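Here is a short briefing for a reader new to this structure. Look at the model first, then work through the points by topic.

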Amino acid sequence: MQMTNPGCALNDPYPALTDVAQDNDAALLVQQDYASALSEMTALAEYMYQHSVLTATYPEIADTLECIAITEMNHATLLADAIRRLGGDPCYRVEQTTGDRWWNGADVDYGRLVKDALKRDIAAEQAAAAQYRYHADVASQPQLSALLRRIALDEEYHAGVLRGLLRGLSET
């Protein structure tokens, strides 16, 4: 599934996973991008929260955050499909040495100050892009690596969009 989201994602297509082998280690790696504290689930929930609380005071920023959230939802869909194709279960948890860690709403930052929220969002997008690039580097399957690198490009693009919103606030 490849949804398009004009203005909130790059126009380049996402590489298809047509030839990936079952690989539990790779599935666990992708699970981190899908449902850890620094994941698509967290980004989606945080952007939707920010959209909700900023709509009345900053409608244009809120609309952009909602648009980015839709792209993050698309990423989550792509990752869930990758996890499934790799033989994993796309539930909202990550395996850790201390046991499973389930994703939950406590991973979301509920700050309401718009400038602070945008700064945190920029840092989170940059960290997500770096995590995707690292996972792409260690993944042993070329199609999976290509998908993760493509998603990293969207995260870098989001950081740029958010920096533009922050600059716009600073100029007013």
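**Helix pairs, disulfide and pocket**

The axes of helices H2 and H3 come within 8 Å and cross at roughly 160°. This is a predicted model.

**H2 and H3**

- The angle is over 145 degrees, so H2 is roughly antiparallel to H3.
- Their crossing is left-handed.
- The contact of H2 with H3 has 14 nonpolar residues, three polar ones and four charged ones.

**H4 and H5**

- The axes of H4 and H5 come within 8 Å, and they cross at roughly 165°. H5 covers residues 142-170.
- That angle makes H4 roughly antiparallel to H5.
- The crossing of H4 and H5 is left-handed.
- Where H4 meets H5, the contact has 15 nonpolar, five polar and ten charged residues.

**The disulfide**

- How many disulfides does a search of the whole structure find? The search finds one.
- A disulfide is a covalent bond between the sulfur atoms of two cysteines.
- Here the bond joins Cys 8 to Cys 67, with an S to S distance of 1.9 Å.
- Which parts does the pair tie together? Cys 8 lies in the segment before helix H1 (24-35), while Cys 67 lies in helix H3 (residues 59-85). The pair therefore ties together parts that are 59 residues apart in sequence.
- The torsion about the S-S bond of Cys 8 and Cys 67 is about 125°, so this disulfide is right-handed.

**The largest pocket**

- Rolling a probe the size of a water molecule over the atoms shows where empty space is left.
- The largest pocket holds about 240 Å³ of space.
- Its lining has 19 residues. The closest to the pocket centre are Leu 38, Ser 39, Thr 42, Ala 43 and Ala 124.
- Which elements give two or more residues to the lining of the largest pocket? They are helix H2 (40-54) and helix H4 (114-138).
- H4 supplies the largest share of that lining, seven residues.
- By class, the lining of the largest pocket divides into nine charged, seven nonpolar and three polar residues.

Technical notes
Residues numbered from 1 in each chain as written. Predicted model: local features only at pLDDT ≥ 70, side-chain atom pairs only at ≥ 80, totals over all residues. Heavy atoms only, no water. 1 Å grid on protein atoms, 1.4 Å probe; cavity = no way out; pocket = protein on both sides within 12 Å on 5 of 7 lines; lining within 4 Å. Points joined across faces, edges and corners; volume = space filled by probe spheres on them. Helix = DSSP H or I, 4+ residues; strand = E, 2+ residues; numbered from the N terminus. Nonpolar A, V, L, I, M, F, W, Y, C, P; charged D, E, K, R; others polar. Axes fitted to C-alpha atoms, helices over the stretch in contact; angles between N-to-C directions. Parallel < 35°, antiparallel > 145°, perpendicular 65-115°, else oblique. Left-handed = near helix turned anticlockwise from the far one by under 90°. Disulfide = S-S within 2.5 Å.
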